[in-house]
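Visitor: Could you walk me through reading the inside of a protein model?

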Amino acid sequence: MDRQRRESLALLDAMPGERLLIVGAGTGADLPHLPGGCTVLATDLTPAMLRRARPRARGSTHLAVMDGHRLAVPDGAFDGVVLHLILAVIPDPVRCLREVARALRPGGRVVVFDKFVRTRRPPLALRALNLVIRVLFTDMTRRFEDILERSGTDLVVLRDEPAFAGGLYRRLLLRRAMVSPPLPRRP
């Protein structure tokens, strides 16, 4: 999936001097593909994952234990956010997307690379398989359009393209509106 990560990060078009947030950085597989000169905050819920990411961190990369449901960052602090393989595993993807929008400056960008179904009612075989897989590690029946709509954010999809596995994995580029109304505060 290294190629898919690189292609997704290319959509972000990060420039030197920008502040980037990676939610669910895991082992840091995205870190080598980010351009130099960016300040990066790579977060994950588990310290063990961040220990594995540390060797990939360079320059102005900071690693922090943080929950994607409740990001301990100021409003509008980031120019770009990376959501790679997190929205299908995080318990509440809607809340995560709200937090991402809050942390993103107006006009900022988000790249998403993950598995999403396109139909409101996934095929029976996928729903049956998901009963087992969801317990182990991921939900294969989430629909990005529903997550975005339920988030109530001002994020707009600029690109949506198949990335892998016949389109089950998708690559998306979103942008936050340039002038944004205040987002609802977290509970």
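Predicted model: local features only at pLDDT ≥ 70, side-chain atom pairs only at ≥ 80, totals over all residues.

Visitor: Which residues have the most contacts inside the largest nonpolar core?

Guide: A nonpolar core is a set of buried Ala, Val, Leu, Ile, Met, Phe, Trp, Tyr and Cys residues joined through side-chain atoms within 4.5 Å; buried means under 20% relative accessible area (1.4 Å probe, protein chains only). Here the largest one has 30 residues, and Val-23, Leu-83, Val-110, Val-112 and Phe-144 have the most contacts inside it.

Visitor: Which elements give two or more residues to this core?

Guide: Helices (H or I, at least four residues) and strands (E, at least two) are DSSP runs, numbered from the N terminus. The contributors are strands S1 (19-23), S4 (78-84), S5 (104-115) and S7 (169-176), with helices H3 (93-103) and H5 (144-151). H3 supplies the largest share, 6 residues. Another core, of 15 residues, lies apart and includes Leu-34 and Cys-38.

Visitor: How many residues of S1 are buried, and which strands does S1 pair with?

Guide: Two strands pair if DSSP finds at least two bridges between them. In S1, 4 of the 5 residues are buried. S1 runs parallel to S2 (residues 39-44), joined by 5 bridges, and parallel to S4, joined by 3 bridges. Leu-21 has Leu-41 as its bridge partner in S2 and Val-81 in S4.

Terms used. Residues numbered from 1 in each chain as written. Heavy atoms only, no water. Buried < 20%, exposed > 50% of the residue type's maximum accessible area, 1.4 Å probe, protein only.
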